[in-house]
Amino acid sequence: MKTTVVALANQKGGVGKTTTCINFAACLAEKRKKVLLVDLDPQANATSGLGLEKGFGSSIFPALLGETDAQGLIKETGIKNLDIIPSELDLAGAEIAIARRDDYLHRLQEAMDPVIESGVYDYIILDCPPSLGILFMNALNIAHEVIIPIQCEYLALEGLGVMVDIVNQISEAGNPNLHISGILMTMYNVSTNLSQQVVQEVVKHFGDRVYETLIPRNVRLSEAPSFGQPIIEYDPHCVGAAAYRNLAKEFLKRQKKDARQEVELPTLSSVMAPQATEETPDPSV
């Protein structure tokens, strides 16, 4: 079995990245794909969102230092086909600890290579921290592809442009397999013109790299992590669950079609070119 490593990354916080990691991974598992979610965010929200405790020594931190085997850190989530390497607050210290090493940008690769080469998992999903630090760069150095979740607001376009530039730089510098496989629009509000305009703007620049699936603003999606459950368990019939099931379906369809389609992505300056237009009031407010 060939393992594909997918990083969900955006250096801008609050874009629904961890919510997407939890629910995207769970929906892939529901489709009988063997999935490992690696929580690289010291806030450990993906860990608690799947009902696991933030236990001391349970993160990938010791594996990054070469003190233990990453395979020994893998835990079951209680969801069939979905495992996790949890996170905890001590992972914040990894930025300093591994920075002293000559190969500090490849510590995650060394730790995870045995897991990847074992072929146990169809997909390894990396929940990247919302910053441009060492853990973030380690994740992109090991990933085969990147999915960028962005909020349906104009300011999110700046973060998208930065992400495109970073992925291009890492691809040219040492990870030629790395590419942006998809851009996911999150927190979509069908009742506002702003959400629709932002989606149109991103599609204009990135074309079919933008997922057709739109992740809506949904109260049930916000509630699910506090119960330690993905949305397909917490409320399998809500619109949020339907959206993430559609995302998993679209992702797998793209994998079969051509995940490596070569397209020229726009630069940061071209992404930031559009200006915001006035939004019509939300009648529900």
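**Entry 1: around I124.** I began by looking up what I124 touches in this predicted model, and, leaving aside residues up to four places away in sequence, I found T3, T4, V5, V6, L36, V38, M112, V115 and I116.

**Entry 2: the cores.** I then looked up the largest nonpolar core, which has 58 residues, and noted that I124 is listed among those with the most contacts inside it, together with I60, M112, L126 and V202. The largest share of this core, eight residues, comes from helix α7, which covers residues 156-173. I also found a second, separate core of 37 residues, and wrote down F24, A25, L28 and Y123 as being included in it. As background I noted that nonpolar side chains in soluble globular proteins tend to be buried together.

**Entry 3: the whole chain.** Along its principal axes, the C-alpha trace spans about 55 × 40 × 35 Å. When I looked up contacts with a separation of 6 or more, I saw that residues 24 or more positions apart account for 80% of them.

**Entry 4: burial, surface and charge.** I noted that 55% of the 285 residues count as buried, and that the accessible surface of the protein chain comes to about 12900 Å², with 50% of it belonging to carbon and sulfur atoms. Last, I looked up the charged side chains, of which 24 are positive and 36 negative, with the centres of the two sets 7 Å apart.

Definitions and conventions. Residues are numbered from 1 along each chain as its sequence is written. This is a predicted model: local features need pLDDT of at least 70, side-chain atom pairs count only at pLDDT 80 or more; totals for chains, interfaces and linings use all residues. Side-chain values use heavy atoms; hydrogens and water are left out. A nonpolar core is a set of buried Ala, Val, Leu, Ile, Met, Phe, Trp, Tyr and Cys residues joined through side-chain atoms within 4.5 Å. Buried means under 20% relative accessible area, exposed over 50%, partly exposed in between (1.4 Å probe, protein chains only). Helices (H or I, at least four residues) and strands (E, at least two) are DSSP runs, numbered from the N terminus. Contact means heavy atoms within 4.5 Å. Accessible areas come from the Shrake-Rupley method with a 1.4 Å probe; for residues, only the protein chains shown count as cover. Lys and Arg count as positive and Asp and Glu as negative; His and the chain ends are not counted. The place of a charge is taken as NZ of Lys, CZ of Arg, CG of Asp or CD of Glu.
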